[in-house]
Amino acid sequence: MELTLYPFELRFRHTFTISRKSKDVQPLLVAELQEDGWSGLGETADNSYYNITVPILMAAINAHRPFIEAYKLDTPEAFWEAMYPKLSDNLFALCALDLAAHDLYAKRLGKKLYEIWGLEPSHNPLTDYTIGIDTVENMVKKLQEFPWPIYKIKLGTKDDIAIITELRKHTSAIFRVDANCAWGVEETLRNAAAFKELGVEFIEQPMPAADWEGMKKVYESSALPLIADESCIVEADVKNCHGYFHGINIKLTKCGGITPARRMILEAKQLGMKVMTGSMNESTVGTSAVAHLLPYLDYTDMDGPLLLAEDTADGVKIRNGKIIYANRNGTGAELYRAF
């Protein structure tokens, strides 16, 4: 296979703020694998919480370029198993390669990726749209400039209940709340009770990922369902979250791609847990890949292209929460000609 890497820095429409940080640009890395006239695209993102940067990603992949370019693709799963021992310490990098391999493989078979898995997408969940932390006035403006059926509200301030109370005055849309590890036990329970009355569907990662004792207390008493994010990174974390969360949010970049994500989905379903996929602010390349998992899911947060002022590719479209697949095989992503 021939390997090409494309680094990007894409601007956000608005400064994107969560409980830990703010940012105005999102660094991303797109990987392209070419073999026998076919081309596949995959994507991954930098993330300071996990100490991942685009230069680190490129160095990790380039360290194994000879192996990758000598590899003859059979199935994406076999390629993932071959690459995992080499990139087990950088699953973000492995994700880009895994997505590219899935795209290439499906194109070679002349099918959309979800068709290979025998899935039917007519009842796919809608994606939410994220409102980052800001002044209440600005958060209201963001709601009004982007009418949407489901919003994910980033919280982690001293005024979280007041924020949701004010936002609720301006829309009847479903709210989901993501605290990004910012709360403690009492704060989570208090907020959950208040948010239930304000039309919030669930709370994502209310407390620090390592606070399992606190999460157990919250799980047993919360007025709202709890979805793990930072507490559920890789496959081994799924069973650990059972009995502490009602569901898990799988992010392809964190777990290493589609190959492990499908196994995580199956395990969570067997445990009776809800399953969601999340965004790391990927462009349309990564978002197009996530879209093919939708028939498996209960919820999804795949609004990366909507939050970005720039994009890398054509692919899936998002209309009022609904994902519209591109009329192409594979994941449907195609890099803009400028790249």
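User: What should I know before we start?
Analyst: The model is predicted, so local features need pLDDT of at least 70, side-chain atom pairs count only at pLDDT 80 or more, and totals for chains, interfaces and linings use all residues. Residues are numbered from 1 along each chain as its sequence is written, and side-chain values use heavy atoms, with hydrogens and water left out.

User: Which residues of helix H1 are buried?
Analyst: Val54, Leu57, Ala60 and Ile61 are buried in H1, residues 54-62. Buried means under 20% relative accessible area, exposed over 50%, and partly exposed in between, with a 1.4 Å probe and protein chains only. Helices (H or I, at least four residues) and strands (E, at least two) are DSSP runs, numbered from the N terminus.

User: Where on the helix do they sit?
Analyst: Seen down the axis of H1, the buried residues fall within an arc of 125°, so they line one face. The arc is that of the directions from the helix axis to the C-beta atoms.

User: What covers them?
Analyst: The cover includes strands S1 (2-17), S2 (22-35) and S3 (38-45), and helices H2 (65-70), H3 (76-87) and H4 (91-109).

User: New topic, the largest nonpolar core. Which residues touch the most other members?
Analyst: Leu33, Phe79, Leu97 and Phe195 do, out of 109 residues. Such a core is a set of buried Ala, Val, Leu, Ile, Met, Phe, Trp, Tyr and Cys residues joined through side-chain atoms within 4.5 Å. H4 gives the most to this core, 13 residues.

User: What does phenylalanine 79 touch?
Analyst: Leaving out residues up to four places away in sequence, Phe79 touches Met1, Leu33, Ile68, Tyr71, Leu73, Leu97 and Ala101. Contact means heavy atoms within 4.5 Å.

User: Which element gives the largest share of the lining of the largest cavity?
Analyst: S1 does, with five residues.

User: Last one: where is asparagine 51, and is it buried or exposed?
Analyst: Asparagine 51 is in the loop between S3 and H1. At 61% relative accessibility, asparagine 51 is exposed. Its phi is positive, about 55°, although Asn51 is not a glycine.

User: And cysteine 181, buried or exposed?
Analyst: Cysteine 181 is buried, at 13% relative accessible area. Its phi is also positive, near 75°.
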